[in-house]
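Biologist: I would like to learn how to read a protein model. Please take me through it one feature at a time.

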Amino acid sequence: MNQIPDILYADQDCTTWLIVGASRGIGLEFVRQLLQRHERIIATAREPFAAHASALWGQAGSDHGRCQMYIVDILSEESIVKFVAQLTTIPNLKIDYVVLNAGVLRYPNRATEFSFDEFAFHLHTNTIGPIITAQKLLQTNIPIGTIVFMSSDSGSQGNFREMEDGFAAYAASKAALNMAMRHMAAELKRKDDDTILIAMHPGEVATDMANINVTWDVQGIITPEESVSKMMNVIQSRGIQHSGTFWTWEGKPYVW
């Protein structure tokens, strides 16, 4: 899986991005745009979905291996620990930006109907997996600049979206992600750790996950290309003073 010669990590002319959940949708688009920008990329996929990104990995091979792929399942702490341990063996690795994009939406997921296992699945995938991945990364000696948690406007309690029938488990998992991220950011500040943590609402993005039949009109649908392009601008412009905050793809602060 390791396609990047160690010597490339001594090159300071570009940044290193870790994209967790890169096999499709927003994560895949992050990798595509970063390849065009000639950045260094560490991308992860779950084993069953690795084939989704096969064409992109083929393109990456022509870029002298600047895209490095790992298999990690964020539903498994063992898999997360193994992946992070692999990263610690890379000499002189510094990660400028981590994007924790892995997530799931099984529709419908109404609070009056969903099962114990269905609710737990959303929480494990959308909340616990990303938080534990960030935790394990922060426990290493790898310098990390910014960690981005892919959230959603569905997770906002201050702007409750009552029309979203069938989104209860998904929305709850994103609200929980937001709160855990805020606590993590506060804890890092108390330790004088200058790693920046932010949550992002990517917009109403036309991806496979959003390809569901809902009973309300979804306004302002944007492409993955537009979402990712604008999110990268936001991510790269946030400083330590913004750690523990929630932003839209347009660079606007979003209500918790």
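Modeller: Begin with two strands: S2 and S3 pair in the parallel sense over five bridges. Two strands pair if DSSP finds at least two bridges between them. Helices (H or I, at least four residues) and strands (E, at least two) are DSSP runs, numbered from the N terminus. Within this pair, Ile71 of S3 is the bridge partner of Ala45.

Biologist: What should I know about the model before going on?

Modeller: Residues are numbered from 1 along each chain as its sequence is written, and side-chain values use heavy atoms, leaving out hydrogens and water. The model is predicted: local features need pLDDT of at least 70, side-chain atom pairs count only at pLDDT 80 or more, and totals for chains, interfaces and linings use all residues.

Biologist: How many helices and strands are in the chain?

Modeller: The chain has six helices and nine strands. Seven strands form an open sheet with parallel pairing, in the order S3-S2-S1-S4-S5-S6-S9. Strand S3 (67–71) and strand S9 (245–248) are at the edges with a single partner strand each, so one side of each has no neighbour in the sheet. From one strand to the next, the twist averages 20 degrees. Axes for such angles are lines fitted to C-alpha atoms, for helices over the stretch in contact, and angles run from 0 to 180 degrees between N-to-C directions.

Biologist: Which strands does helix H1 lie across?

Modeller: Helix H1 (residues 25–36) lies across strand S1 (16–20), strand S2 (40–45), S3, strand S4 (95–100) and S5, and runs at about 160 degrees to S1. Gln33 is in helix H1 and is buried, with a relative accessible area of 10%. Leaving aside neighbours within four places in sequence, Gln33 is in contact (heavy atoms within 4.5 Å) with Pro224, Glu225, Val228, Ser229 and Met232.

Biologist: Which residues touch the most other members of the largest nonpolar core?

Modeller: In soluble globular proteins, nonpolar side chains tend to be buried together. A nonpolar core is a set of buried Ala, Val, Leu, Ile, Met, Phe, Trp, Tyr and Cys residues joined through side-chain atoms within 4.5 Å. The largest one has 34 residues, of which Leu18, Leu87, Ile147 and Phe149 touch the most other members. Another core, of 27 residues, lies apart from it; Trp17, Ala22, Leu34 and Trp249 are among its residues.

Biologist: How does the length of H5 agree with what it should span?

Modeller: The expected span of a helix is 1.5 Å times one less than its number of residues. The 23 residues of H5 should span 33 Å, and its end C-alpha atoms are 33 Å apart, which agrees. The buried residues of H5 pack against H4, S5, S6 and S9. After H5 comes Asp192, whose phi is positive, near 60 degrees.

Biologist: How many disulfides does the structure hold?

Modeller: A disulfide is counted as a pair of cysteine sulfur atoms within 2.5 Å, and the structure holds zero. Cys14 is buried, with a relative accessible area of 12%, and Cys67 is buried, with 2%.

Key:
Buried < 20%, exposed > 50% of the residue type's maximum accessible area, 1.4 Å probe, protein only.
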